[in-house]
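This briefing covers a single protein chain and is arranged by topic. Please consult the sequence and structure shown here alongside the text.

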Amino acid sequence: MSPRVAVIMGSTSDWETMEHCVETLKTLDISYEVRVLSAHRTPDALESYVEDVEARGAQVFVAAAGGAAHLAGVVASKTLRPVLGIPMGTQLGGLDSLLSTVQMPAGIPVGTLAIGRAGAVNAALLAAAVLALEDSEVAGRLQAFRDGQAQKI
Ligand code: RP5
């Protein structure tokens, strides 16, 4: 099955947070692919991957990075698909990553979520909402997720 959501993180050290994104995509039965690629350590591989996974059907990108976090912005520069950025809380409580991800200059947007686990979960839910615009089955599963959440409170 081709991945509808491409999840990219800058380091394996981001996985502890990003597994919450993947778990949420699994809960919603949305196909995904995960890669560790860095805007500064593997820039050529990152560019190739964005092109390749988009050609294979990815509709939404999720990009997570910490520190001087330019990963989401670089991904966004290479695709017209929506890019959701998640700041990792590795240093300075994640404020460095938050500002690096959210403060994109006008012209290349990154939809930035909260720092850490909340952002990871919400990126999956927001990706689902994008897909749900043209997929009523995903919309139904997203509604069921919301209903279940309301029951649990
Ligand atoms: C970023 O630097 C990664 O996204 C990670 O959040 C941070 C630290 O990476 P490691 O030094 O743990 O590989 O590029």
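Which residue of β3 does methionine 9 stand opposite? Methionine 9 faces alanine 64 in that strand. The model is predicted: local features need pLDDT of at least 70, side-chain atom pairs count only at pLDDT 80 or more, and totals for chains, interfaces and linings use all residues. Residues are numbered from 1 along each chain as its sequence is written, and side-chain values use heavy atoms, with hydrogens and water left out.

**Sheet**

- Five strands form an open sheet in the order β2-β1-β3-β4-β5, with parallel pairing.
- β2 (32-36) and β5 (111-112) are the edge strands, each pairing on one side only.
- Strands (E, at least two residues) and helices (H or I, at least four) are DSSP runs, numbered from the N terminus.
- Two strands pair if DSSP finds at least two bridges between them; β1 and β3 (residues 60-65) run parallel and are joined by five bridges.

**Helices**

- Helix α1 lies across β1, β2, β3 and β4 (83-87), and runs at about 175° to β1.
- Helix α5 (residues 117-132) also packs on the sheet, where it touches β1, β3 and β4, and its direction makes about 170° with that of β4.
- Contact here means heavy atoms within 4.5 Å; axes are lines fitted to C-alpha atoms, for helices over the stretch in contact, and angles run from 0 to 180 degrees between N-to-C directions.
- Helix α6 (residues 136-152) has 17 residues and should span 24 Å at 1.5 Å a residue, which agrees with the 24 Å between its end C-alpha atoms; the expected span is 1.5 Å times one less than the number of residues.
- At the start of α6, the backbone nitrogen of glutamate 137 has a side-chain oxygen of aspartate 135 within 2.9 Å.

**Serine 11**

- Serine 11 is located in the loop between β1 (5-9) and α1 (15-27).
- With a relative accessible area of 18%, serine 11 is buried (buried means under 20% relative accessible area, exposed over 50%, partly exposed in between, with a 1.4 Å probe and protein chains only).
- Its side chain makes a polar contact with the side chain of serine 13 at 2.9 Å; a polar contact is a pair of N or O atoms within 3.5 Å, and within protein one must be able to donate a hydrogen and the other to accept it, while residues adjacent in sequence count only if both atoms are side-chain atoms.
- Not counting residues up to four places away in sequence, serine 11 touches Val36 and Arg41.

**Salt bridges**

- A salt bridge is a side-chain nitrogen of Lys or Arg within 4 Å of a carboxyl oxygen of Asp or Glu, and by this rule the count comes to six.
- Glutamate 33 pairs with arginine 35, their closest N and O atoms being 3.6 Å apart; glutamate 33 is buried at 13% relative accessibility, whereas arginine 35 is partly exposed at 35%.
- Glutamate 33 also meets arginine 56 in a salt bridge (2.7 Å, N to O).
- Because arginine 56 lies in the loop between α2 (43-55) and β3 and glutamate 33 in strand β2, the pair ties together parts that are 23 residues apart in sequence.
- Lysine 78 and glutamate 47 form a salt bridge through their side chains (3.2 Å, N to O).
- Lysine 78 lies in the loop between α3 (71-77) and β4 and glutamate 47 in helix α2, so this pair ties together parts that are 31 residues apart in sequence.
- Salt bridges with shared partners join Glu33, Arg35, Asp52 and Arg56 into one network.
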